[in-house]
Amino acid sequence: MAELSCLVCKSDIEVEEKVTTGEIVECDSCGQEHEVQVESSLVTIALAPEIEETWGE
């Protein structure tokens, strides 16, 4: 299990070892969603993109 820090509140976020790129993890402290990025054995997170509504579709 990897431990990363929330990019907003700096709280610890635990990420499973078998996580894949594109998975979303949520900070238990502030609720911010982060998108997981996996390159080789390095696991990092970035702020997850906001979901936009599409009107008329």
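## Strands and overall make-up

Strands, like helices, are here DSSP runs numbered from the N terminus, a strand having at least two residues. In this predicted model, His 34 is found in strand E4, and the protein as a whole comes to 0 helices and 5 strands, so that, read from the N terminus, its elements run β-β-β-β-β.

Buried residues make up 21% of the 57 residues in the protein. Among the contacts with a separation of 6 or more, 19% are accounted for by residues 24 or more positions apart.

The side chain of His 34 reaches the backbone nitrogen of Leu 7 at 3.2 Å.

Once its neighbours within four places in sequence are left aside, His 34 is in contact with residues from several parts of the chain, including Cys 6, Leu 7 and Ile 13, then Glu 23, Ile 24, Val 25 and Cys 27, and also Ile 45, Ala 46, Leu 47 and Ala 48.

In soluble globular proteins, nonpolar side chains tend to be buried together. The largest nonpolar core in this model has 10 residues, namely Leu 4, Cys 6, Ile 13, Val 15, Val 19, Val 25, Cys 27, Val 36, Val 43 and Ile 45. The elements that give two or more residues to this core are strand E2 (12-15) and E5.

Leu 4, one of the core residues, touches Ser 11, Asp 12, Ile 13, Val 15, Val 43, Thr 44 and Ile 45, when residues up to four places away in sequence are not counted.

## Leu 47 and the surface patch

Leu 47 is found in strand E5, which spans residues 42-47, and counts as partly exposed because its relative accessibility is 46%. Together with Leu 7 and Val 8, Leu 47 makes a nonpolar surface patch of about 260 Å². Two members of this patch, Leu 7 and Leu 47, are also among the contacts of His 34.

Cys 30 lies in the loop between strand E3 (24-26) and strand E4 (33-39), and counts as partly exposed because its relative accessibility is 38%. Leaving aside neighbours within four places in sequence, Cys 30 is in contact with Cys 6, Val 8 and Cys 9. The C-alpha atoms of Cys 30 and Ser 11 are separated by 8.5 Å, although these residues are 19 residues apart along the chain.

Note on methods
Residues numbered from 1 in each chain as written. Predicted model: local features only at pLDDT ≥ 70, side-chain atom pairs only at ≥ 80, totals over all residues. Heavy atoms only, no water. Helix = DSSP H or I, 4+ residues; strand = E, 2+ residues; numbered from the N terminus. Buried < 20%, exposed > 50% of the residue type's maximum accessible area, 1.4 Å probe, protein only. Contact = heavy atoms within 4.5 Å. Polar contact = N/O pair within 3.5 Å; in protein donor to acceptor, adjacent residues only side chain to side chain. Patch = residues over 30% accessible without salt bridge, like charges linked within 9 Å, V, L, I, M, F, W, Y side chains within 5 Å. Areas by Shrake-Rupley, 256 points an atom, 1.4 Å probe, with all protein chains shown as cover. Salt bridge = Lys/Arg side-chain N within 4 Å of Asp/Glu carboxyl O. Core = buried A, V, L, I, M, F, W, Y, C linked by side-chain atoms within 4.5 Å.
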